[in-house]
Amino acid sequence: MAAAAAAAEPVAIARNDVAAATTSVSQQDDDESVTTEGADDVRDDPALTKLVSVVAGFERANHEPAANIPPRREKSRLLQFQDSWYKSYPWLHYSPTLSGVVCFVCAKAHASGILKFETKAEPTFINSGFFNWKKAIQKFTAHQNSSCHKQAVLLLHQTTAGQPIVAQLSTAHQKQQQVARRCLLKAVQSTKYLLRQGLAFRGHVDDDSNFHQLLKMQAETDVELRSWLQRTTNFTSHECVEEIQNIFADSVLRTIIADIKNQSKIFGIVVDGTQDINSKEQLSLCVRYVDSDLHVHEDFIGLYQQDDTSGRAIAATIDDMICRVGLDMNFLRAQTYDGGANMDGKYNGCQAIIRDRFPLALHFRCAAHSVHLVAQHATEADAIIQDCLQWVQEVDKLFKRSTKFHRIFETIVTNSGAAVHSSNIKPLCPTRWLCRHSCSLVSCRQI
Ligand SMILES: [Zn+2]
C-alpha cells in the first residue's frame, strides 16, 4: 500500500504540473480571470499560508544535505535527491513538512504578496512541494525558465534593493555611458597627441597603426578602456578618427580667425603653389597679421587642390577660401606670391585681378624669393664661388654614399673636439639659396 501511495504521488504532481501549465498557456489569452482565480486559491490555502510564512522567515534557501532527504521509490528503484542540484538551481528549498522542494524565490515573493498579479503561478513550487526526482532536472529547468519565476526574481530583487527596477536599469545605463564617454575622451586625447607631434595615424594594417597602438598602450593600465576597445570599432574607425581630426582643425582655424577679427581686422595673404606626390597642384594659403601687442603672426590656414592654374582661377580660389574661413576681402591689405607670371603678372596675374576689385590689397613680390634669385644670378658670374659650392656638394656626396668615408669623418669629428658634433655634412638646399650660406659655413667648419 505504501509503495502504491508513493507511486501515486508523482503522478498526481505531474498531473498538477501539466494542468497548471495547460491552464496558463490555454487561458492566458482568452480568460485571464480564471488563472488569476487559481492563483488566489493557492494564496488562500491555509497550508500554503503556513508554508510561505515559514519560507518567508528564511534568509536564504534551506539546502538540506541529500543524505538527510529520504529517497523516493519508483517501481523497483529508489530515487535519491542529488546535492549537485543545489548548485545548478540555488533557489531549491527543502521542506521537511512536505518532504519535497519548493522554489524559495517564488514562495517568498508569494508570501510577501508581491506576486499576486502573476497569472502563471506554479503551485507545485510554491506550496505542494516537488519530489518526483525522476523528472527533477526537466521540471527544475522548466520552472527556472518560467515567467512566474523570472517575475518573482525581479520583484524580490526590486524589493530588497529598495530601488525600482527601471531606476536600477537607468543607473546601470548611466554608468555605462559615463565609462564610454571617458574612453572616447581617451581616443580624442590620443588623436590630439598624434596631431601635436605630427605623427602618422595609419599603418599597413589598423592594428599596427600609431593610433591603435597608443590606445592599446593606455589600455594596459585601464581595464575599462580595454573592455571598451574590445566591443567598440566605430569610434576607432578611419571615418571617426578623420572626423575628430577635422574638428581639431576647425577649432584651430576658428581661433586664428577670431584673433584676426578681434585684434587686427586687416590682414595679408601669402599664397604659393606646388605639385604633390600625385602631380596635382596644391595651393597653400597663409594669413599674416599683427596682434594687439604688435607681434607679427603668420599662420597656415589651408591647402587646396587647384586644377586650373590661370591667374583668374587662382584669384577665384583665394576669394572662395577667404570667404569660407569667415574673413572679409575688404580688409585685405597685402598679397604676396612667389613670382610666377600667373600670380604676379601685371595684367592677367592673380594679384592684378584681386586688386581690380580690392585696390587696397597691395601686391608685394616675395622678398625671400627675390633675394634668392639675386644671389643665385650674382654667384653665376663668379667662378670661385661656383667652384666652392660645387666642392661642398661633392664632398657631401662622397661622405654620404661611402660608409668607409663616413666612418672616417665621424672619427675626425669626435677626435677634433669641434663644437659641431654632427656626424653628417649638411647638404645644400636646392630651392632655398640663402640656406646654402649657413650650410657651407657648417660644412667648412666640419671639414
Ligand atoms: Zn521560482
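Two strands are taken to pair if DSSP finds at least two bridges between them; the legends below apply this to a predicted model.

**View 1. The open sheet and the pairing of β5 with β8.** In β8, A334 is the bridge partner of G268. Strand β5 (residues 267-275) and strand β8 (residues 332-337) run parallel and are joined by four bridges. These strands belong to an open sheet of five strands, ordered β7-β6-β5-β8-β9, in which the pairing is mixed. At the edges lie β7 (296-305) and β9 (362-365), each of which pairs on one side only, and from one strand to the next the twist averages 25 degrees.

**View 2. Helix α11 on the sheet, with K261.** Helix α11 packs on the sheet, where α11 touches β5, β6 (281-290) and β7, and the direction of the helix makes about 40 degrees with that of β6. K261 is found in this helix, which spans residues 238-264. Because 15 other C-beta atoms lie within 10 Å, K261 is classed as partly exposed. The C-alpha atoms of K261 and L327 are separated by 7.8 Å, although the two residues are 66 residues apart along the chain.

**View 3. Two nonpolar cores.** The largest nonpolar core has 23 residues, and those with the most contacts inside it are C103, V105, C106, A107 and I126. Two or more residues of this core are given by each of β3 (92-95), β4 (100-103), α5 (104-111) and α7 (147-161), with α5 contributing the largest share, six residues. A second, separate core of 20 residues includes L283, A315, I322 and M343.

Conventions:
Residues are numbered from 1 along each chain as its sequence is written. This is a predicted model: local features need pLDDT of at least 70, side-chain atom pairs count only at pLDDT 80 or more; totals for chains, interfaces and linings use all residues. A residue is buried if 20 or more other C-beta atoms lie within 10 Å of its own, exposed if 12 or fewer, and partly exposed in between; C-beta atoms are placed from the backbone. Axes are lines fitted to C-alpha atoms, for helices over the stretch in contact, and angles run from 0 to 180 degrees between N-to-C directions. Two residues are in contact if their C-beta atoms, placed from the backbone, lie within 7 Å. A nonpolar core is a set of buried Ala, Val, Leu, Ile, Met, Phe, Trp, Tyr and Cys residues joined through C-beta atoms within 7 Å.
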